[in-house]
There are 2 protein chains.
Amino acid sequence: MLGLMQQWPLLCHKILDNAATQHGKREVVSRSCEGPIVRTTYAEIRQRALKVAQRLDRDGFRLGDRIATLAWNTARHIEAWYGIMGIGAVYHTLNPRLFPEQLVWIMNHAEDRAIFVDLTFMPLLEKIAGSVTSLKKVIVLTDSAHMPATALPNVVAYEEWLAEADGDFRWASFDENTAAGMCYTSGTTGDPKGVLYSHRSNVLHAMIAAMPDAMGISSRAVIMPVVPMFHANAWGLGQSGPMIGAKMVMPGGKMDGASIYELLDTEKVSFTAAVPTVWLMLLQYLEETGKKLPYLDKVVIGGSACPRAITQKFQENYDVQVIHAWGMTEMSPLGTLGSLKPEYVGLTGEARLDIQQTQGFAPFGVEMKVTDDNDNEHPWDGKTFGRLKVRGPAVARAYYGGAGTEQFDADGWFDTGDVAHIDPNGYMQITDRAKDVIKSGGEWISTIELENLAVSHPDIAEAAAIGVRHSKWDERPLLVVVKKPGKDLSKDEILGFMQGKIAKWWMPDDVAFVAEIPHTATGKIQKSTLRAQFRDYRLPTD
Amino acid sequence: MLGLMQQWPLLCHKILDNAATQHGKREVVSRSCEGPIVRTTYAEIRQRALKVAQRLDRDGFRLGDRIATLAWNTARHIEAWYGIMGIGAVYHTLNPRLFPEQLVWIMNHAEDRAIFVDLTFMPLLEKIAGSVTSLKKVIVLTDSAHMPATALPNVVAYEEWLAEADGDFRWASFDENTAAGMCYTSGTTGDPKGVLYSHRSNVLHAMIAAMPDAMGISSRAVIMPVVPMFHANAWGLGQSGPMIGAKMVMPGGKMDGASIYELLDTEKVSFTAAVPTVWLMLLQYLEETGKKLPYLDKVVIGGSACPRAITQKFQENYDVQVIHAWGMTEMSPLGTLGSLKPEYVGLTGEARLDIQQTQGFAPFGVEMKVTDDNDNEHPWDGKTFGRLKVRGPAVARAYYGGAGTEQFDADGWFDTGDVAHIDPNGYMQITDRAKDVIKSGGEWISTIELENLAVSHPDIAEAAAIGVRHSKWDERPLLVVVKKPGKDLSKDEILGFMQGKIAKWWMPDDVAFVAEIPHTATGKIQKSTLRAQFRDYRLPTD
Ligand SMILES: Nc1ncnc2c1ncn2[C@@H]1O[C@H](COP(=O)(O)OP(=O)(O)OP(=O)(O)O)[C@@H](O)[C@H]1O
Ligand SMILES: Nc1ncnc2c1ncn2[C@@H]1O[C@H](COP(=O)(O)OP(=O)(O)OP(=O)(O)O)[C@@H](O)[C@H]1O
Ligand SMILES: [Mg+2]
Ligand SMILES: [Mg+2]
C-alpha cells in the first residue's frame, strides 16, 4: 500500500524558488572578475536564472545537454547553474587548475555543448576550445563593455545575451532522478572520472549539509564558500545557501589571505569552508597583521587532512570552531564531518584536537563501513584500518561512461579508495589511499602517518612514503624527503627522530632525498608518478 | 538523461539504523506506565524494534496492514512504530482523548488489524474492541507481571511476546512511497479524516524538522516530545530524534506541571515541544514554586495559537527561546515555524513578541500561498487574509478512503481550511478557520482576532465569535462569552472595552453569555456545535 502524500519531486530549482520567495531580499555579494564587489539578491538571481534558462532554451539546448562552466565563485556562476538545471540540462564544472590537455580530455568525454566562462579563463579556453568538437557556444560571464577581443567563434557576452530574454519562462518539469550536474574527480590516482549528480541527490545533499551536526547553517548565517564551485559543488553550498536563505559572500578569483580577510571582515562572514592551504594563507596573513576574526563562528576544512596546527590556531587564537570534513567528488561531496557528539563535547586541549584530527562522523544519509580486501567488516575500534566503503542517496552508483565498475558492488557499496579506521563513537580517520598503502608481509602500513610524523621534523619541507619492492616482505616503506631550503640532515637523523614514535616494523627501510615531489594540478602529491620514479630502487635491507 | 547516483530509498528504518550505528549508546529515558523512570538506548531500541518486526511477521501481519497504537510517549511506543514500519505495515496512532464512539469509527474506517496498547488505556480498549471487527490481536505494552486481568481475546503482554523473537531479522525492503503511518485529523470541523504518511514523507519531514531554522536540534540536544506521538507524529520528533541522535526524554502519561518539570530538570532537557495548555500548566507550577529552567534552551509551541503571555514568560522570566509553529495532521504536521530571520533577529520587547505571535515562515519543502475564494493570490502584505494553501513532499494529496476531495486541486495545492495573511518577510499568521470566518457583506472578519481581544478582558474566561444570519449583511458577528467565576459584566462593558481596538465594522452586533462553550475531545472550541446552538438567534441589529 502506498502512502497518500504529494508527489513533490526534489528539483533544484525549487531551492531557488524558496530562496526568492522566503528570503528574496537576502544579499549575495561577489568579488567580480572585473574587479569591484557587486551585490545582488536571491530574488534577482532567480529572475536572472530564469532568463538563462529561457535563453539556453531559445539557443536550442535541451534536457540532458552538458553545459560547462569555467568560472570562479560569483553570483553569475550561481545563476548559470540554476538556469542550466532549470531546462533539465547538466552543469559541468571544470577545474581551471587542470592542465589544458586534461581539460580537453574531460570536455570531450562529457561532450560539453556550451560553456560559461569567466574573463580570467578566456586565454585558457582559447587554447583548448578548438579541440573540443562538441562545443557550440561560448558565453563570457561579463558585460559587453568588458568583452575581450577573441578569435573564438560563437562567443557572446553574458549580460548582452541575457538582455535578450524577458524572464517570462517556467522551469521545465521532469523526474527528480534527472541529471543536474557533473564533476570529474581530481585525477590524483589516475584519469579523472565523471560523476553525474541528479536533482534528487543535490537536494538531499543540500539538506544533509545544512543540518545542525553537519554545517549547521541557518538564515541568520553569512556564508562564504571559498571552496570553488568547480571543486565538488563547493561542497554543496551553492544549494544549501539558497535552501536556508543565508546571505552568501562569493570570493571570486582572489583566495590570498588579504582578500579573504577583507571579505570576512567587511561582510561579517560567520561561516566559511575551504581546503587547508587557503587557511594556511589566511592564518599567516592574520599573524603578520595582528588582525582578528570577530564575526567568524565556524570554518569547515576538508579536501585533504587538516593539519592540527590549523585547527588549534583557529580555535585557540581566533575563537573560531573548526569542523574537519571528509568527502569526495563521488559523494556530492560530503561524507563525514567532525562536529562534536555529546561523548566528546566536553573535551578540551589536546584531547579535543585528537578527535578533531579524525575526519568526523557520517550524518544520516551516509552509511559507511571499513573492510579488509575480502569485504569482511572491521570493528569500530579506532585502530583497525581497511577499505572505506559508503552508501547513500548522494553517492555515485557508477561513473559517467562506465569507468571504474570495480568500485561498485552488488549491495550498493561504493569503495572510496580511501583507507580508514572508525572509533567506537563513529569518528572515522583516513590513514591512506588504498593505492598508496604499503603492504609489508601482508600487513598494512599507513603512509599518511609516516608522512605526518616526518614533516613534524623542523627541517623537513615535504615528505612522501611509498612502498618499494622487497623480496622477503613484498613491499617495504621508502621515505622520500624534501629538505627545507638551507637545511641539511641525514637519513640517520630522520630515522632517529621517528624511532619510538611508530611501531618498529613501520620504520622506513630507507630515506631518499629529492629536490621536489611531484604534484597533481590541484596540489595533491602524485604518488603514482613517485612510485614510477622509484620502481627500480633497491632497498639496503633487500 | 538520468543522474548516476545511488538508489537509496528514503525508508524510516534507516533512521533507526543510523541512530543505532552512530549514536548507539545515546539514552532514551521514559516515564513508564508502570511508574518508574526507565532507561534504554538507540542500539537497544533498534534491536527490540527488529524483534517487533519479526514477531509481527510471524503472527502473519503483512505489508500494508494497519496496526494501531493507543499509547503515551515511551520508548516502547517508538519500538512499536519502527517494528511496524519495518515489515512495511502502517502504524496508526489513536488519540485516547477521543470519545469511544469516535475511536470505533476511526478504527473501523482504518481497518486496524492489531493494536499496541498502554496499561492506562485497557479499560477504554475493553469498551470498544468488540465493535472493531478487523481487530485480531492486542499487545499490551507491559510485562507479564503487570498484565491486568481482561476478558479481551488474543491479548498478550508485549515483553513476553517480544521474548519469543531472537531479533535475527532484516527490515523488509520496498518502495519509499510505501505507506508508513496513519493519523486521523482531530475532528474539529467535522468527521476526522485519515492521513496516510509514506516512508519518503516521514524521512523528508524529519530532515525538514531538524534543520537549524526549524527545530534546530543536534546530537547534543536533549529533546523531550511532550506533544504526544498520537498527535500528528509528535510533530516528527519520533523520527527527527533518532535521525540526529539526540537523547530523548519520553514523558509517558504525566503532563502536569510538576511531572514535566521533574523530567526537564533531572534529565537536563534542552529542547521540548507541545501545545499551549501544557505550557500554561508548567508556567503556573514554576510561578507557584519559584523554580527555574536552567537547562532548557528552546520550546516549540503550536497546535493552536500560542498566547503572547506564554511566549513572553518563557523568554523574559526563564530565558527559554519560543518557536511558535503551525501545522496540521495533513502536513506531517509541520507547516511554518517562527525562528527569526535576519530581518527580525534584532527585535526586542513588544516588537519581537508581535512577530512571535505570527506562526512563522515555511521552510524549504513547504510552499504556501493565500488566495481569495477564486484562487487569486493575495499579496504578502501582512494584512490581506484569505485561504491558506500549501504544497510539499510531506503534505497529503488525498484522505484515506477518499473524503474531502474538494480540498485538493489539480496543481497539487492543498487547501488547509485555515485563513491567514503573510507578511513581506514570509511570516504567516492564522486569522481563522475558513469554516469559522464571518462573512459580512462579502468581507471577512477574523473570529480569532475578536476572541483574542475579548479574552484579554480580565473578567472573561473564554470567548467564541461566530457568524449569525443577518438579512442585510448575510452574517454579522455574535460574541459568545463565559464570564470568570464570580465576575459580572454586561454587553456594553465588553463592547466598550473592544471599541477602538478593531475596525468599526468588525464590532460584534451582540454578546451572548453562556455557562460553557462546547469543546472537541482534544480541547479545541467546537464552533460547528456553537453555530447550531445559535442557528435561530436574532441579532438586535436585524
Ligand atoms: N579531510 C580529509 N582528510 C584526508 N583526505 C581527504 C579529506 N577530504 C578529502 N580527502 C581525500 O580527497 C579525496 C577526494 O578528492 P577528489 O574527489 O577531489 O579526487 P581525488 O580522489 O583526489 O582524485 P581521483 O579520484 O581522480 O584519484 C578523498 O577520497 C580523500 O582521499
Ligand atoms: N500555531 C497555531 N496557531 C493557530 N492555529 C493552529 C496552530 N497550529 C495548528 N493550528 C490549527 O490546528 C489545525 C490542525 O489541527 P489538527 O490537524 O489536529 O486537526 P483539526 O484541524 O483541529 O481537525 P479537523 O481537520 O478534523 O477539523 C490547523 O489547521 C489550525 O487550524
Ligand atoms: Mg578519488
Ligand atoms: Mg484540519
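Strand E14 (residues 321-327) of chain B gives the largest share of the shell around ligand 2, four residues. Strands here are DSSP runs of at least two residues, numbered from the N terminus. This is a predicted model, in which local features need pLDDT of at least 70, side-chain atom pairs count only at pLDDT 80 or more, and totals for chains, interfaces and linings use all residues. Residues are numbered from 1 along each chain as its sequence is written, chains are lettered from A and ligands numbered from 1 in the order in which they are written, and side-chain values use heavy atoms, without hydrogens and water.

Stay with ligand 2. It is surrounded by 20 residues (a heavy atom within 4 Å). The closest are B:Thr185, B:Ser186, B:Gly187, B:Thr188 and B:Thr189. Polar contacts are pairs of N or O atoms within 3.5 Å. A backbone N or O atom of B:Gly303 lies 3.1 Å from a ligand 2 nitrogen. Two side chains reach oxygen atoms of ligand 2: B:Asp418 at 2.6 Å, and B:Arg433 at 2.7 Å. Protein covers 95% of the 640 Å² of accessible area (Shrake-Rupley, 1.4 Å probe) that ligand 2 has on its own.

Terms used. A polar contact is a pair of N or O atoms within 3.5 Å; within protein, one must be able to donate a hydrogen and the other to accept it, and residues adjacent in sequence count only if both atoms are side-chain atoms.
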